[in-house]
Amino acid sequence: SDRAQCILNIRQVQLGVRSFSNLKGFDYGQDVSLAVPPVALQSEVVGAEKFVETSPICPSSGSYSYGGNVIPAKGALYLTCSLAGTNRHAPDDYSAW
């Protein structure tokens with residue numbers, strides 16, 4: 001279903017953010033734009049030869065919002081869909097993400 005694909009997109013980006021933060025030694029809540037040198041988190045996670053090769057597209061034409069340059073806390077999503085409230089385009093439980 002469209003909901004399931006959207007949630008997979010969100011999960012894939014979340015895994016990319018977690019992988020990046022683990023590899024580079026960033027902690028939950030850390031603003032990577034303040035690192036030396038500064039880091040643009042979305043650009044480090046999404047793009048050619050990155051953790052997620054292409055920008056995800058919601059199959060129901062929702063729009064995605066990225067969480068900026070802060071590594072999200074455990075249980076907080078980095079990528080959210082505009083259809084999260086109306087079409088349930090959000091995981092039911094992401095407390096361990």
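Reply: Among contacts (heavy atoms within 4.5 Å) between residues at least 6 apart in sequence, 60% join residues at least 24 apart. This is a predicted model, where local features need pLDDT of at least 70 and side-chain atom pairs count only at pLDDT 80 or more, while totals for chains, interfaces and linings use all residues. Residues are numbered from 1 along each chain as its sequence is written, and side-chain values use heavy atoms, with hydrogens and water left out.

The chain has 2 helices and 2 strands, and from the N terminus their order is α-α-β-β. Both kinds of element are DSSP runs numbered from the N terminus: helices are H or I with at least four residues, strands are E with at least two. For 97 residues, a compact globule would have a radius of gyration near 13 Å, and the chain agrees with that at 13 Å. That radius is taken over C-alpha atoms, and the globule rule is 2.2 Å times the number of residues to the power 0.38. Along the principal axes, the C-alpha atoms fill a box of roughly 40 × 30 × 15 Å.

Next comes the surface. The accessible surface is about 5600 Å², with 50% of it belonging to carbon and sulfur atoms; such areas come from the Shrake-Rupley method with a 1.4 Å probe, and for residues only the protein chains shown count as cover. Of the 97 residues, 35% are buried. Buried means under 20% relative accessible area, exposed means over 50%, and partly exposed is in between (1.4 Å probe, protein chains only).

Now for the charges you asked about. The chain carries 7 positive and 8 negative side chains, and the centres of the two sets lie 5 Å apart. Lys and Arg count as positive and Asp and Glu as negative, while His and the chain ends are not counted. Each charge is placed at NZ of Lys, CZ of Arg, CG of Asp or CD of Glu.

Some of these side chains pair up. A salt bridge needs a side-chain nitrogen of Lys or Arg within 4 Å of a carboxyl oxygen of Asp or Glu, and by this rule there are 3 salt bridges. One of them joins Arg3 to Asp92, with the closest N and O atoms 2.9 Å apart. Arg3 lies in helix α1 and Asp92 in the segment after β2, so this pair ties together parts that are 89 residues apart in sequence. Arg3 is partly exposed at 22% relative accessibility, whereas Asp92 is exposed at 62%.

Asp92 also meets Arg88 in a salt bridge, at 2.9 Å from N to O. Put together, Arg3, Arg88 and Asp92 are linked in a network. Arg88 lies in the segment after β2 and is partly exposed, with a relative accessible area of 46%. Its backbone is worth a glance too: Arg88 has a positive phi of about 60 degrees although it is not a glycine. Most residues other than glycine have a negative phi, and most peptide bonds are trans.

Ser61, in the loop between α2 and β1, has a positive phi of about 70 degrees without being a glycine, and at 69% relative accessibility Ser61 is exposed. The peptide bond from Val36 to Pro37 is cis, with omega near -5 degrees, and Pro37 sits in the loop between α1 and α2 (41-45).

Lys50 is partly exposed with a relative accessible area of 34%, and Glu44 is partly exposed at 29%.

What happens to Arg18, which is buried? Arg18 has no salt bridge, and the nearest side chain of opposite charge, Asp27, is 9.8 Å away. Arg18 is found in helix α1 (residues 2-24). Leaving aside residues up to four places away in sequence, Arg18 touches several others, including Tyr28, Ile71, Pro72, Lys74 and Trp97.
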